[in-house]
Structure formats: structure tokens, C-alpha cells
Amino acid sequence: MNPSGNIGVIDQNGEEHLATAIHGPSVHSDNPQERIQARRLRIAARQESRRREALGEYLDGKKENEEEQSKSYKQKEESRLKLTKLLLCGTELVTNIQVATDIREIHRRVEEEEIKRQRLEKLENEVKTSQDKFDEITAKWEEGRQKRIPQELWEMLNTQQVHCAGLIEDKNKLISELQQELKIKDDQYVKDLKKQSDDISLLLERMEEQVKNAMKNFRQELNHIEKAFELERQELLSSNKKKWERALQAHNAKELEYLITRMKKVEDYEKQLNKQRAWDCEEYNTIKIKLERDVQILEQQLQQMKATYQLNQEKLEYNFQVLKKRDEESTVIKSQQKRKLNRLHDVLNNLRSKYAKQIKQFQEENQSLTSDYKRLVGQFKELQRAMRHFTIIDAEKFRDIWLMNEEEAKALAQRAFDVDCVINVQHLGLPWKIPDFWFLKNVGPISLQQRKSAAQILEELLLQTEEDGTEEAMSEDESYLDLPEQVSAKTTKRILMLLCDESGFLIESKLLSLLLPLEKSECYLLRLDAIFSALGIESEDDLYKMVNFFLRYRAHRLSSAKSTSVNTERTSLMSALECLSMLSQVDRKSLVSKSEVESIVEQEALQGGDYERLADRELREKEGLSSPRLIHPNDVLKILEAFVMGLKKPKDVRPVPRVKKDVRDNSRDSEYWASLAMVIPASKQSLWDALYKALEKYYLVLTQRAKLLMENDSLEQQNAEMQSLLQQYLQAKVNAELQIPPTQGFRLPTK
Amino acid sequence: MQDSPAAASGSKSQNQSTFNVQRQTSTAGGAGSGAPPLKTTPNPTPVHLKPKTTNARRMRRIISEDAEWSLAIVPLLTELCIQHIVKNFQNNPILKQLLPEHQQKVLSHLPHDLPLTVTANLIDDENYWHRCCIKRWSVCHVAKHGGSWKRMFFERHLENLLKLFIPGTTDPNVILDLLPLCRNYVRRIQVDQFLPPVRLPTPPQADEQSDSGSEGEGSEPEKDHYQLESLVAGLKHLEELDLVYGVKDCGMNFEWNLFLFTFRDCHSLAATIRACHTLKVFRLTRSKVDDDKARILIRSLLDHPALEELDLSHNLIGDRGARAAAKLLSHSRLRVLNLANNQVRAPGAQSLAHALAHNTNLVSLNLHLNCIEDEGGQAIAHALETNKCLTTLHLGGNELSEPTATLLSQVLPVNTTLINLNLSCNHIGLDGGKQLLEGMSDNKTILEFDLRLSDVSQESEYLIGQALHANREAARQRTLSPGYFMTPITNNSHENPVG
């Protein structure tokens with residue numbers, strides 16, 4: 001409203017600011033003041049320009065706003081600076097007292113130290129001088145003791161007294177001085193107390209003053225700031241008001257303009273409306289005529305349509321009747337169908353129930369059958385058990401019966417042999433020998449000797465070789481009895497050990513961990529077992545095949561390496577030996593002899609020195625066929641591979657005989673029994689037959705002879721009887737009476 | 001007595017609202033007979049203890065024929081109960097079972113002189129304790145006690161007891177009985193006097209001269225003060241221990257043996273602070289702590305888990321004590337160390353400086369009024385070169401002179417942590433002042449630098465003041481606009497050469 005007045009206020013304010021700037025913080029600063037003044041000038045210049053602009057045109061509000069803001073901000077900043085300075089000065093003023101007391105204290109301490117030092121010095125001096133005096137006096141006492149004249153002694157005593165008094169006086173003086181000092185100190189203490197209380201009161205005073213001052217200043221500054229803000233607000237208000245009025249005026253002008261244009265527009269529209277109306281009327285009339293004509297045409301059409309309608313109605317009625325009939329028919333059919341449907345539903349239900357029933361039935365059946373099956377399985381198992389039991393029992397029985405029969409047969413055979421013997425020896429006078437038949441030695445049912453499994457062999461081997469360590473030569477010839485003769489146990493063992501060490505990869509890791517706590521030999525056994533099962537070695541034969549394979553391989557190697565090695569001769573010899581031993585089944589004797597040789601050699605070696613050890617080794621190698629030292633561990637895997645490749649083929653055939661393992665082989669039974677029955681060969685039988693015939697004849701002759709003998713006997717008896725009768729007759733009295741005795745006629749046989 | 005108002009209120013429920021107003025006046029004034037004329041509505045008012053009240057009587061507001069008639073209504077049962085509770089609070093404290101509003105009422109009516117055994121652990125209401133404090137002490141500065149009136153009450157109560165405790169005559173149970181009551185609330189013990197045990201024959205001797213002091217030293221064990229051990233062990237939240245072994249207001253009855261901090265005191269105090277793991281601030285001032293005692297105390301503080309401030313100002317600690325303090329610096333998390341007004345000399349200051357050089361905890365070091373001289377001052381200045389956390393350093397009154405000032409002026413541009421440096425009351429001299437000014441011109445962090453009474457020329461002091469002012473402005477800018485860290489600094493760097 002009143003820009004000049006407003007600006008005047010601003011000017012005043014600016015002057016005030018300048019004044020505060022000069023009076024306030026400018027007490028001791030050149031540069032900031034200059035700065036502030038420069039700012040002031042800048043602000044004044046801006047205000048000037050603004051005034052000019054206000055008279056002429058409007059400024060954009062933003063700049064103004066900014067300046068206004070900066071003004072209040074400036075005021076705030078100024079007050080803050082002033083107040084901080086004030087506070088700083090105040091605290092300095094207050095702490096000045098503390099600093100002053102501090103420095104006083106420091107001075108006091110320095111002085112005190114100095115005084116203390118002086119006092120100590122003084123005391124030391126005093127001690128020294130008094131000591132001197134005292135020494136003097138004591139020396140004089142000695143002097144006095146030598147004095148004989150009483151006057152002199154008296155004189156001397158007097159002087160001594162004087163000296164002592166002087167000494168004591170000195171001391172007293174010192175004491176009084178010290179006491180004086182003490183008193184002074186006491187006074188000073190009181191003074192210090194007073195001084196301190198004064199200081200404290202001064203401090204309090206200053207603090208209070210400061211507080212008051214600060215409060216006053218703060219209030220003043222607050223007022224200043226408030227004033228500045230108020231001024232700013234007023235300015236803002238006035239400027240806003242101006243703006244508002246300007247806007248209002250512009251608004252009014254624009255409104256008027258709008259009104260005029262609107263009126264013009266209204267007139268225009270009116271004219272246009274009138275024109276439109278006239279045109280519309282004409283158009284209306286023409287359209288009306290045209291429409292009436294149309295109506296007439298349409299009425300005609302309506303009549304025509306009505307006629308066609310009636311025609312159509314009749315047609316439709318007829319159709320309707322027909323359709324009704326058909327509908328009735330269809331309802332009948334529908335009901336029939338429905339009935340049929342119901343019936344079929346019933347059937348379906350029946351079938352369903354039947355189906356369910358059957359399912360149930362079948363389930364039950366199934367259950368019963370499964371239970372039956374289970375029962376049967378149980379029974380079968382029991383039966384099997386019984387079977388097993390019975391087979392065992394049967395086997396026993398069979399064996400018993402076999403034994404019994406065999407015994408019987410053998411007894412019979414024995415009898416036959418006895419008889420044969422008797423016949424031969426007694427009758428024929430031939431020498432007789434008991435025929436040697438394999439079946440005679442057989443006891444019990446014949447069974448094919450079981451093949452030993454590889455593992456069993458291993459076990460034997462290991463155990464045996466363990467024993468070997470203790471009783472070498474002695475046990476060897478016995479133990480070899482049940483070994484096939486190809487190779488010595490030691491060699492086999494060594495090869496196996498080698499195998500065991502080299503082909504650990506064939507063993508499962510689980511097994512290895514389990515093996516750890518076991519004994520060494522047991523461990524080897526189990527490991528070998530695992531390796532063999534991996535390689536597919538099952539029987540004794542396989543095992544020995546393998547060992548042989550190893551040896552052969554080595555021999556092959558050796559022969560190839562013959563030319564290079566130093567001790568070629570020996571190795572060749574050995575390979576020859578090996579070949580021999582492998583190809584021809586070396587009989588036990590040779591082995592025994594070998595072992596004997598070895599044992600002898602060993603004994604010799606034990607007795608002999610170093611020289612003989614060489615020979616010993618040579619021999620040992622010779623004996624050992626393949627000391628595994630000559631098979632390099634690296635070769636083992638190659639050999640194994642080759643061996644496994646070779647072994648594969650026969651392996652496929654193997655499973656068949658295995659199945660029949662428990663079935664007894666009775667093929668040789670009949671043969672056995674037959675042979676047992678045919679103990680006496682046919683030739684002998686024919687011999688026997690001939691003998692029998694001859695004997696029969698002989699018997700006939702003998703019987704005839706016996707008969708003849710009997711006849712002879714009876715005749716002799718008759719003769720004897722006749723003789724006795726004759727004797728009787730002769731000796732009878734009749735005879736005597738008779739002239740000629742009959743006796744004379746014949747002669748008595750004298751015999 | 002109690003039935004009638006209840007019955008009346010039951011029957012006249014529609015009049016409840018009007019009664020409430022009356023009831024308040026009646027309970028407050030006792031006999032509010034002035035109220036009835038204001039009421040114009042002819043509502044019947046129940047009369048207490050009048051069985052013959054009829055309907056006719058109920059219709060009237062004033063009954064002149066009944067002399068006992070009063071509109072004052074029997075207060076509510078709850079009011080009566082609350083009054084009763086307040087009256088018998090000492091014997092039967094019921095508070096926690098009440099509703100919050102009733103609790104408030106009870107608390108506002110409780111007398112402040114209830115025995116502490118009843119109130120201590122039961123009442124947490126600040127208003128109650130506020131009343132207690134106001135009644136008991138005229139000046140209460142609650143801000144010093146963490147803004148809690150209850151804490152303030154117990155702390156000051158305990159302080160009073162400790163101040164007036166006379167070993168040998170006062171029953172120690174006086175304090176120990178209080179322990180279970182105040183253990184949860186006391187965080188600070190601030191005792192500025194410990195009374196020595198009373199010896200009857202001594203008062204006459206006390207008038208004699210300082211001989212009694214030397215006599216007292218002979219019979220030292222009898223002069224032990226109160227042993228804080230059991231008390232401190234019981235306070236589980238204790239954080240601050242502020243002790244002065246001396247007697248206040250002795251005036252001209254001064255006697256040396258009133259200010260004896262005996263070895264037994266020292267040992268027991270050492271054990272006490274060692275056992276107190278919550279202790280953060282330990283102050284033992286004006287107690288004639290000499291080197292040996294300081295060493296005992298500091299040894300007990302080595303590797304203390306919580307200690308942050310150690311104040312041994314105004315004692316007799318010498319170089320050995322300072323060396324012990326230096327060791328403590330490297331064996332604890334001490335943030336504030338105050339050895340003002342002791343007898344630390346150059347060797348002690350050197351050992352402190354050595355510890356300071358690699359310390360990362362200490363924020364404030366006060367060696368005011370010692371005598372570390374230039375050697376110590378130079379050592380500390382060297383330490384400031386590597387130290388990265390010390391903000392306040394007070395070396396006032398230490399006989400420092402120009403060499404220290406030159407070294408400091410070299411260190412000041414390097415160090416960026418120091419905020420407050422005090423070199424007042426030294427002999428820095430004119431040249432030293434100029435060198436310090438040079439050093440200050442390159443420093444941007446120091447906000448306060450006291451050089452009063454240190455023989456520095458007015459001009460350099462003034463210019464240093466200017467530099468400080470600039471630094472302060474910069475710091476203010478930084479705090480005002482932490483987001484625009486770079487701009488104010490660059491601005492200042494432009495302004496500084498001008499200013």
C-alpha cells in the first residue's frame with residue numbers, strides 16, 4: 001500500500017543492523033566486520049534496486065523471498081555470534097579467577113620451595129657451627145682437667161659457661177625464628193583462607209553477574225530476532241497484499257473482456273437460430289407430404305399382409321393338429337421307454353449286486369486259498385524238514401544196511417576164499433594167495449571223493465606251512481601226502497602271500513576293516529578267500545592251476561632273460577627242473593628225496609660257514625621251484641589277468657555238476673555189488689565145477705568101496721560065526737562019539 | 001454406616017450425576033453446607049443414618065427442624081477404603097492389588113515420613129519420592145541423579161548416613177540395614193567426608209600444635225574410617241564412587257589427623273573397587289593419597305571390566321604413582337584420567353606419554369597443577385603425534401616453556417582429534433606463543449585453547465582466538481549439516497585465510 005514507508009522501515013532496520021554490527025561483535029575484529037559491512041552494502045544495494053523495481057515493475061517473488069530469508073537468517077547468525085562471544089568472554093572472566101589462583105599457587109609453591117631450601121641450608125649451617133662450638137667447648141674441658149690452679153680453673157669454667165650460654169642462645173634464637181616463621185605461616189593460612197573465601201565470593205558474584213548479563217543479552221537478542229521476523233512478516237504481508245490486488249485487477253479486466261465477447265457470441269447464435277428455424281419449417285413440410293404418401297402405400301401392404309396372414313393361420317392350425325397327434329404318440333413311446341429304462345436299471349442293479357457278491361466271494365476264496373497256500377507252504381517246509389531228516393536217517397539206514405550187507409557179503413566172500421584156499425591148497429596142492437580187490441577194502445557206501453574247495457586247501461596250506469617252520473623236513477613228507485604233487489607247499493604259500501599282498505584291490509574295503517584285528521594267518525586266509533571268490537577260483541584244481549600258471553609264467557620270463565643275467569646257468573637249470581616238475585607228475589619219492597636232500601643240506605649249512613650258505617641258497621631255490629623273489633610283484637597283476645582270461649572258459653560249465661552234489665551217485669553200486677558177488681572168477685568156478693565132478697566121481701568110487709568093505713566085513717563075520725559053529729560042532733561030544741570026526745576032513749585054518 | 005450410601009445410590013440412580021458434584025465438594029470441605037442453595041432442582045437427597053426419612057423429607061433440600069441435617073454426603077466406599085489404607089499403610093501396605101487410579105490416589109495421600117522398610121521396594125511412583133525429597137532437602141538437583149527422584153532419595157540418604165558415620169560409635173547396622181532397601185536404586189555414592197573414630201583424650205591435645213599429627217601417625221590403625229566393602233558388595237548397580245577422606249567445615253579446629261587416609265583404608269578400598277565390577281567412575285580426591293597408596297589402588301583397578309573414569313586429583317601422587325597410572329592406561333578401558341594438583345614430575349609425565357602414544361581409549365587427560373616441566377611436556381607432545389583419540393588435555397600450571405611450545409606447534413597440524421587444550425599458567429613466552437600460533441593456523445579441530453597467564457603476547461593470543469573461532473564455526477557447520485560434509489569445510493578453508 002505504502003511502499004515508501006515500508007522501505008523506510010527496512011532502511012531503518014538495515015541501519016540498526018549496521019549499528020549492532022558495529023557495537024556488537026566489532027569490539028575486537030577487523031576482518032569479520034569488514035565482511036559484515038560488505039554484506040550490508042550488498043543488501044542495501046539490492047534493496048535500492050528493489051525499490052526502483054517496485055516503483056516500475058514487479059519482480060519475481062522468488063528473489064525477494066530469498067533475500068527476506070537471508071535477512072532473518074543473518075540476524076540469527078549475528079545474534080548467535082554475539083552470544084557465543086559473550087558466553088566465551090563470560091566464562092573467561094569467571095575462569096580467570098581460577099587461573100589467577102592457580103598461578104598464585106604455583107608462585108607460592110616456588111617460593112615455598114625456595115624458602116624450604118634456604119631454611120634447610122640455614123639449619124645445616126647452624127648445625128655445623130654449633131658442632132664446631134661444641135667441639136671447642138669439649139676440647140676445653142680436656143684442657144681444664146689439666147689445670148691445677150683454682151683461679152685458672154675458675155676462669156676457664158667461666159669462659160666455658162659463657163660459651164655454653166652463647167651456644168644455647170644461638171639455638172634459642174633459631175627456635176624463636178622458626179616459631180616466628182610458623183606464626184607467619186599461620187597468619188598466612190588465615191589470610192589464604194580469607195583470600196580464598198573472597199575469591200569464591202568474587203567468583204559467585206561474577207557468575208551471577210554473568211548469568212544476569214547472559215539472560216539480558218539473550219532476551220535482547222531474542223527481541224532482535226523477533227523484531228526481524230516480525231518485520232519480515234510485515235513485508236511479506238504487504239507484498240502479498242499488493243500482489244493480491246494486482247491479481248484482482250487483472251481478474252476484473254479479464255472478466256469484462258469475457259462478458260463482451262460472450263454478448264457478441266449470443267447475438268451471433270440468435271441469428272443462426274432464426275435461420276435454422278426457417279429452414280427447418282420448410283423441411284418439415286416436405287417430409288410431411290412424403291410421409292403421408294408412404295402411409296397410404298403401407299396401408300395397402302397391410303391389407304395384403306392380412307390376407308396372407310389368414311391363409312397362414314389356417315395352414316398352421318392344421319399343422320398344429322398334426323403335431324398334437326404326434327406329441328401324443330411320442331408321449332406313449334416315452335412312457336414305454338421309461339418303463340424299459342426302469343427295467344434295465346433293475347437288471348443293472350441286480351447285476352451289480354451279483355458282481356459285488358462275486359467279488360466278495362472271490363476275495364474270500366482268494367483268502368482261503370492264500371491261507372491254504374500258506375499252510376501248504378508250511379507243510380511243505382515241514383515236509384522238507386522231514387525229508388531232510390529222513391534223508392539223513394535214510395542215509396544212515398542205507399549205510400547201516402550197506403554195512404550189514406557188505407559184512408555179510410564179505411563174510412561170504414571170505415568163506416569162498418577160505419573154501420578156495422582149502423581147495424587149492426589141500427585138494428589141488430597149489431599155492432594160494434588172497435586176491436587183492438579194491439572193493440574188499442571198501443567199507444561203507446561208495447561215494448565219489450568230494451573235490452576240496454580252494455579255501456579248505458588254503459587253510460590246510462597255511463596251517464601246514466606254519467607247522468613247517470618248526471619241523472621242516474619231518475613233517476613235509478607227511479603233509480605232502482594229501483597234496484597234489486605238482487608243487488611244494490612252501491612255494492604255493494609264497495605265491496599266495498604275494499597274491500594276497502598284491503591284489504588287495506579285489507577285497508572289499510569293509511572286509512579289510514574287519515580283518516584288521518585278526519591274527520596274521522587268519523587274516524591272510526580270509527583275504528585270500530575273498531580274492532579267490534573275486535577271481536572265480538573255487539576248487540583245488542583251480543588253485544593249483546593258478547600256481548602252475550604262475551610258475552610257468554616265471555619260467556617263461558626266466559628263459560627269455562637268460563642271456564643277460566649273471567647266474568644264467570643256475571636259472572636255466574631251475575627252469576628245466578620246473579618244467580619237469582610241472583609237466584610230469586613228479587612222484588612222491590622224488591619230492592621226499594628232495595626234501596631229504598634239502599634237510600641234509602640245511603644241516604650242512606648250519607654246520608658250515610658262509611661259503612656253504614651260497615650252495616644252500618642255490619639248493620633252496622632249486623627246491624622251492626619258484627622262490628617268489630624271482631616273481632616280481634609288479635608282474636603279479638599281469639599274470640593274474642592272463643590267468644583269469646584263461647580260466648573263464650571252463651568256469652561256465654561248472655555249475656551243472658554242482659547241483660547234483662547231494663544226490664548220491666549210485667552208478668557204481670551195482671558194479672560194486674556185482675563185483676562183490678563175482679569175487680570168485682568164472683575160471684575158478686569152472687575149475688570148481690570140474691573139481692566137483694571129479695570129486696563126485698571120486699565119491700562114487702569111495703561109496704562103492706565102502707559098500708564092498710561092508711560086504712567084506714559081513715562076510716568075515718559070517719565066516720567067524722561059521723568057524724565058531726564049526727568049533728562047536730567039533731568040540732561037541734557027538735564028535736567023539738562019531739567014528740570019523742569031521743575035523744579030520746579039513747584043516748582048521750590057522751591064522 | 002457403609003450400607004446407606006450404597007443403598008441410596010442404588011435407589012436413586014438417576015440422581016447420580018448431580019450427586020457426584022456435591023460429593024466432591026463435601027469430601028473436600030467436610031461440611032459443604034454452602035452448596036444446597038445453588039441447587040434449584042427439587043430432587044430428594046438421601047440423608048445418612050436417618051431411618052425415618054420419608055418421601056416428604058426427600059422432596060426438600062433444606063430441613064430446618066433437623067439440626068444434624070447436612071447436605072454433605074457420606075463419601076464413596078472406595079474413598080473410605082483408600083483413606084483407611086493410607087492411614088494404616090505403615091502396618092498393612094496395600095498398593096499393588098489396587099486399580100491404577102486408586103493406586104494414584106493412595107500414593108498422593110501417603111505421608112512422606114513412612115519408614116523406608118515399607119516404602120522402599122513397594123513404591124516406584126516418582127511423585128511420592130519427589131515429595132519426600134522436597135520435604136527433606138531444600139535444594140534438589142534431580143538431573144544429577146539420572147532424573148529419578150527415588151534414586152536421588154536413596155543416594156542422598158545413604159550419603160548422609162555415610163557422612164555422619166563415626167567408626168566405633170555408630171552401629172554399622174544402620175547402614176547395612178538400609179542395604180536391602182536401596183540396593184536396586186543406588187548407582188552413585190558421593191561422600192565428601194569420612195569422620196574419623198572419636199578418641200576422648202585427643203580433643204584437649206588437639207589444641208596443641210601439630211605434634212598430635214605425628215602422634216596420630218604412630219597409632220594409625222585406630223584411625224580407620226568406615227569400610228565400604230560390605231556396602232559396595234551389596235549394591236548391584238553401583239556405577240560411581242566419589243570419595244573424599246577428610247572432614248568438612250572443621251574451620252579453626254583443623255587438625256592434621258582429621259585428614260588421614262590410612263593404609264588399611266587404602267587396602268580395603270582397593271579390595272572394594274576390585275570386587276565392584278559395575279563401577280564406571282572412581283573419584284578419590286583431596287585425600288592425601290601418596291605414591292604407595294595410589295599404586296595399591298591402581299593395581300586393584302588393572303583390567304577392571306567397566307571403569308571409565310579415574311579421578312585422583314588434589315592428592316600427593318608423584319612419579320611412581322603416575323607410572324602406575326600409565327600402566328593402568330594400557331590395561332583398562334579408561335576414558336578419563338584426572339591427576340590434577342599432584343606432584344607428578346617429568347619422569348611420571350614421560351611414562352604417561354609413553355602409554356598415551358598407543359592408547360585408543362583415553363579421551364581426557366588432566367595434569368593440571370603438576371610440575372612436569374619441559375621434558376614431560378615434550379614427551380606428551382610427541383605422544384600426541386601418534387595418539388588418535390585424546391580430545392581434552394589440560395597441562396595448566398606445569399612450568400612448561402618454549403621448547404614444549406615449539407614441539408606442540410609441530411604436532412598441532414598433524415593431530416586431528418584434540419579439541420580442548422589448556423596451557424594456562426606456564427612460561428611459554430613470546431616466541432613460544434608465535435610458534436603456537438603457527439601451529440594453530442594449520443589446525444582445524446581444536447576448539448578451545450587456553451593460554452592465559454602464560455607470557456604470550458596479546459597479539460598472538462588474539463590471533464589464536466581468531467583461529468579457534470573459525471574452527472568453532474566450522475564445527476558448528478559440520479554438526480548442522482552432516483550431509484554436506486565437504487562443502488562447509490571447503491568454504492571455511494576459503495574463509496580462513498581471510499579471517
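Modeller: Over residues 578–602 of chain A, pLDDT stays under 50. For that stretch the model has 30 contacts beyond four places in sequence. Remember that this is a predicted model.

Biologist: What does pLDDT do over residues 604–628 of chain A?

Modeller: There, too, pLDDT stays under 50. The model has 33 contacts beyond four places in sequence for residues 604–628. The scale of confidence runs from 0 to 100. As a whole, chain A averages a pLDDT of 76, and 70% of the residues score at least 70.

Biologist: How many helices and strands does chain A have?

Modeller: Chain A has 20 helices and 0 strands. Of its 751 residues, 22% count as buried. Take the contacts in chain A between residues at least 6 apart in sequence: 78% of them join residues at least 24 apart.

Biologist: Why is the pair A:Lys410 and A:Glu406 called a salt bridge?

Modeller: The closest N and O atoms of A:Lys410 and A:Glu406 are 3.9 Å apart. The limit is 4 Å. A value of 3.9 Å is within 4 Å, so the pair counts. Both residues lie in helix 4 (residues 150–428) of chain A, 4 residues apart, or about one turn of the helix.

Biologist: Why is B:Arg151 called buried?

Modeller: Its relative accessible area is 16%. Buried means under 20%, so B:Arg151 qualifies. B:Glu155 has a relative accessible area of 0%, so it is buried by that cut-off as well.

Biologist: What makes B:Arg283 and B:Glu240 a salt bridge?

Modeller: Their side chains meet at 2.6 Å, N to O. That is within 4 Å, so the pair counts. The two link distant parts of the chain: B:Arg283 is in strand 3 (residues 281–284) of chain B, and B:Glu240 is in strand 2 (residues 240–243), 43 residues apart. Both are buried. Both also belong to a network of salt bridges with B:Arg188, B:Asp242, B:Glu309 and B:Asp311. Over all chains, the search finds 32 salt bridges.

Biologist: How many salt bridges cross the interface of chain B and chain A?

Modeller: The rule finds 1. B:Glu473 pairs with A:Arg80, the closest N and O atoms being 3.0 Å apart. That distance is within 4 Å, so the pair passes. Between chain B and chain A there are also 7 residue pairs in polar contact. Helix 21 (458–480) and helix 22 (486–498) of chain B each supply at least two residues of the side that touches chain A. Helix 21 gives the most, with 6 residues. By class, that side of chain B has 7 nonpolar, 9 polar and 7 charged residues.

Biologist: How much area do chain B and chain A bury between them?

Modeller: About 2000 Å², with 53% of it on carbon and sulfur atoms. In chain B, B:Leu369, B:Cys425 and B:Arg452 lose the most area to chain A, together 26% of what that side buries. The contact takes 23 residues from chain B and 26 residues from chain A.

Biologist: Why quote an area for an interface?

Modeller: Accessible area lost when the parts come together is often how the size of an interface is given.

How values were computed:
Residues are numbered from 1 along each chain as its sequence is written. Chains are lettered from A and ligands numbered from 1 in the order in which they are written. This is a predicted model: local features need pLDDT of at least 70, side-chain atom pairs count only at pLDDT 80 or more; totals for chains, interfaces and linings use all residues. Side-chain values use heavy atoms; hydrogens and water are left out. Contact means heavy atoms within 4.5 Å. Buried area is the accessible area (1.4 Å probe) that two parts lose on being put together, summed over both. A polar contact is a pair of N or O atoms within 3.5 Å; within protein, one must be able to donate a hydrogen and the other to accept it, and residues adjacent in sequence count only if both atoms are side-chain atoms. Ala, Val, Leu, Ile, Met, Phe, Trp, Tyr, Cys and Pro count as nonpolar, Asp, Glu, Lys and Arg as charged, and the others, Gly among them, as polar. pLDDT is the predictor's confidence in each residue, from 0 to 100. Buried means under 20% relative accessible area, exposed over 50%, partly exposed in between (1.4 Å probe, protein chains only).
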